[in-house]
Amino acid sequence: AYHNRGRSYDKLGQHQRAIEDYDKVIELDPNDAEANDRGSSYHRLGQNERAIEDYDEAIKLDPDNAG
């Protein structure tokens, strides 16, 4: 539910609120590669270094789904 709500906030342009929900997803399951959506929110906020860190982590967690 946090992941889906984060996506919804992101689509509304409320990227910081989306990041907060993605943070909760990661807290609940640090191995959830789909939490890389947080990287997209950071990218939309112009925080590209943070976005790259999230994308790198997602690739590490699920290299077969890195596309």
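**Entry 1: A18**

Is A18 buried or exposed? I looked it up in this predicted model, and A18 is buried, with a relative accessible area of 0%.

A note on ground rules comes next. Residues are numbered from 1 along each chain as its sequence is written, and side-chain values use heavy atoms, with hydrogens and water left out. Because the model is predicted, local features need pLDDT of at least 70 and side-chain atom pairs count only at pLDDT 80 or more, while totals for chains, interfaces and linings use all residues.

I found A18 in helix α2. Helices here are DSSP runs (H or I, at least four residues), as are strands (E, at least two), and both are numbered from the N terminus. Then I asked which residues A18 touches, not counting those up to four places away in sequence. The answer is G6, Y9, D10 and S41, where contact means heavy atoms within 4.5 Å. I also checked A18 against D56: they are 38 residues apart in sequence and 19 Å apart in space, C-alpha to C-alpha.

**Entry 2: V25**

I stayed in helix α2 and moved to V25. V25 is buried too, with a relative accessible area of 9%. Leaving out residues up to four places away in sequence, V25 touches Y2, H3, D32 and A35. From V25 to D10 I read 15 residues in sequence and 15 Å in space, C-alpha to C-alpha.

**Entry 3: helix α3**

Which residues of helix α3 (residues 37-44) are buried? I noted D37, R38, G39, S41 and Y42. These buried residues pack against α1 (2-11), α2 (15-28) and α4 (48-61). After α3 comes G46, and its phi is positive, near 80°.

**Entry 4: salt bridges**

How many salt bridges does a search of the whole structure find? It finds eight. I count a salt bridge when a side-chain nitrogen of Lys or Arg is within 4 Å of a carboxyl oxygen of Asp or Glu. Side chains of opposite charge can pair when their charged atoms come close.

I looked at D21 and R5, whose side chains meet in a salt bridge (2.6 Å, N to O). This pair links distant parts of the chain, with D21 in helix α2 and R5 in helix α1, 16 residues apart. D21 is buried, at 5% relative accessible area, whereas R5 counts as partly exposed at 40%.

My next pair was K24 and E27, with a salt bridge of 3.3 Å, N to O. They are three residues apart in helix α2, so about one helical turn separates them. An α-helix has 3.6 residues a turn, so residues three or four places apart point the same way. K24 is partly exposed, with a relative accessible area of 25%, and E27 counts as exposed at 57%.

Then I turned to D54 and R38, which form a salt bridge with the closest N and O atoms 2.6 Å apart. D54 lies in helix α4 and R38 in helix α3, so the pair ties together parts that are 16 residues apart in sequence. D54 is buried, with a relative accessible area of 10%, and R38 is buried at 14%.

Definitions and conventions: Buried < 20%, exposed > 50% of the residue type's maximum accessible area, 1.4 Å probe, protein only.
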